[in-house]
Amino acid sequence: MADQKELRDYYTSYYEKDHYDSMAYKQVILKEFQKIRSQSKKEILESTRYLNELSHGAVFLDVGCGLGLGLAYANQLDCQLYATEFDSGALDFVHKHFSVETFHGDIMDAKYPNSFFDFIHMSHVIEHVLDPIAYIQEMKRIVKPGGIIAIGTPNLGSMLYTFHRYFNLIQMKVPDIIDGVEHTFIFPKSTLANLCKELDLILVDHYTHGLGEKLSNLLSYQLPIHKKVNRLIQNLFQVNQWIICKTMK
């Protein structure tokens with residue numbers, strides 16, 4: 001498994017890597033920004049179940065914000081925006097589109113005050129860290145009593161991942177779902193729920209969903225055909241999950 005320095009180096013200029021470039025990912029995100037700007041609060045909450053507990057004007061933190069899709073939704077709800085991110089280029093990108101206070105680096109080093117945020121959003125980050133428990137504990141520390149922590153991550157209990165593991169086992173290969181560098185931990189739905197409960201979080205909602213890849217985007221990607229097929233298949237299975245938790249008052 002990678003150490004902290006290796007992970008930090010890996011995520012520097014992460015969104016400039018070839019697989020994002022081949023997807024013209026920034027252009028995809030810009031199209032999403034345009035769509036979000038045209039949506040009402042009701043439409044946003046209907047399309048983003050994991051944000052149903054987000055109140056208008058909340059103090060919102062996006063942990064590992066990437067190119068800012070979570071920030072775009074929160075901005076449309078007039079939230080006060082904060083974000084952490086390793087990739088300085090991604091931070092430059094979000095600053096062009098939002099008024100957001102950012103920290104370049106790890107949430108563990110940001111030293112946010114106790115009980116500061118109303119809502120903490122963490123999408124596809126927890127599977128990349130070395131100590132998920134420490135991250136959840138830090139989010140508990142900085143969220144207000146009764147505040148919300150929403151975590152999106154792959155669902156290792158998906159039938160697709162199960163098939164993938166058995167297929168590799170038959171071929172006597174080590175599965176690449178958890179590769180020790182990009183993915184350090186991936187949780188089955190029940191394991192993630194139990195972990196949050198053990199850390200005294202109250203489960204508000206927990207659900208699985210597919211990749212959500214739009215066919216029009218998929219066809220436009222400059223990817224090998226087998227990678228397009230892989231992403232298309234992931235649309236058909238519940239490969240991801242969101243868990244929304246509330247802290248005790």
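User: Let's start with Gly 210. Where is Gly 210 found?
Analyst: Gly 210 sits in the loop between strand 6 (202-209) and helix 11 (215-220). Keep in mind that this is a predicted model.

User: Is Gly 210 buried or exposed?
Analyst: Buried. The relative accessible area of Gly 210 is 16%, and the cut-off for buried is under 20%.

User: What is Gly 210 in contact with, leaving aside its neighbours within four places in sequence?
Analyst: Gln 234, Asn 235, Phe 237, Gln 238, Val 239 and Asn 240. Take Asn 240. Gly 210 and Asn 240 are 30 residues apart in sequence, yet their C-alpha atoms are 6.0 Å apart in space.

User: What about Asn 155? Where is the place of Asn 155?
Analyst: Asn 155 is also in a loop. That loop runs between strand 5 (143-154) and helix 9 (159-170).

User: Buried or exposed, for Asn 155?
Analyst: Asn 155 is buried, at 5% relative accessible area.

User: And which residues is Asn 155 in contact with, neighbours within four places aside?
Analyst: The list is Tyr 161, Phe 187, Pro 188, Lys 189, Thr 208, Gln 238, Val 239, Asn 240 and Gln 241.

User: Let me zoom out. How many helices and strands are there in the protein?
Analyst: The protein has 12 helices and 7 strands.

User: And what share of the residues is buried?
Analyst: Of the 249 residues, 47% are buried. Here is another overall number. Take contacts between residues at least 6 apart in sequence: 70% of them join residues at least 24 apart.

User: Now helices. Which residues of helix 6 are buried?
Analyst: Helix 6 covers residues 88-97, and its buried residues are Ala 90, Leu 91, Phe 93 and Val 94. Looking down the axis of helix 6, these fall within an arc of 160°, so they line one face of the helix.

User: Why do residues three or four places apart point the same way?
Analyst: An α-helix has 3.6 residues a turn, so residues at that spacing point the same way.

User: What do the buried residues of helix 6 pack against?
Analyst: They pack against helix 3 (25-37), helix 5 (69-76), strand 2 (80-85) and strand 3 (100-104).

User: Which residue caps the N-terminal end of helix 6?
Analyst: Asp 87 does. One of its side-chain oxygens lies 2.9 Å from the backbone nitrogen of Gly 89.

User: You mentioned helix 3 and helix 5. At what angle do their axes cross?
Analyst: At roughly 15°, and the axes come within 10 Å. Angles under 35 degrees count as roughly parallel. Helix 3 and helix 5 are therefore roughly parallel to each other. Helix 3 passes helix 5 in a right-handed crossing. On helix 3, the contact uses Glu 32, Phe 33, Ile 36 and Arg 37. On helix 5, it uses Leu 69, Ala 72, Tyr 73 and Gln 76.

User: Next, helix 8. Which residues of helix 8 are buried?
Analyst: Helix 8 spans residues 132-142. Its buried residues are Pro 132, Ala 134, Tyr 135, Ile 136, Glu 138, Met 139 and Ile 142. The cover over them includes strand 1 (59-63), helix 7, strand 4, strand 5 and helix 10.

User: Which residues does Met 108 touch, not counting residues up to four places away?
Analyst: Met 108 lies in helix 7. It touches Ala 134, Tyr 135 and Glu 138. Met 108 itself is partly exposed, at 28% relative accessibility.

User: And strand 4? What is Asp 118 in contact with, neighbours within four places aside?
Analyst: Asp 118 is in strand 4. Its contacts are Ala 58, Val 59, Val 143, Lys 144, Gly 147 and Ile 148. A polar atom of the Asp 118 side chain lies 2.7 Å from the backbone nitrogen of Val 59. Asp 118 counts as partly exposed, at 25% relative accessibility.

User: Last one. What is phi of Ser 115?
Analyst: Near 50°, a positive value in a residue other than glycine. Ser 115 is in the loop between helix 7 (107-110) and strand 4 (117-123). Asp 200 is not a glycine, and its phi is positive too, about 65°. Asp 200 lies in the loop between helix 10 (189-198) and strand 6.

How values were computed: Residues are numbered from 1 along each chain as its sequence is written. This is a predicted model: local features need pLDDT of at least 70, side-chain atom pairs count only at pLDDT 80 or more; totals for chains, interfaces and linings use all residues. Side-chain values use heavy atoms; hydrogens and water are left out. Buried means under 20% relative accessible area, exposed over 50%, partly exposed in between (1.4 Å probe, protein chains only). Helices (H or I, at least four residues) and strands (E, at least two) are DSSP runs, numbered from the N terminus. The arc is that of the directions from the helix axis to the C-beta atoms. Contact means heavy atoms within 4.5 Å. A polar contact is a pair of N or O atoms within 3.5 Å; within protein, one must be able to donate a hydrogen and the other to accept it, and residues adjacent in sequence count only if both atoms are side-chain atoms. Axes are lines fitted to C-alpha atoms, for helices over the stretch in contact, and angles run from 0 to 180 degrees between N-to-C directions. Angles under 35 degrees count as roughly parallel, over 145 as roughly antiparallel, 65 to 115 as roughly perpendicular and the rest as oblique. A crossing is left-handed if the near helix is turned anticlockwise from the far one by less than a right angle, and right-handed if clockwise.
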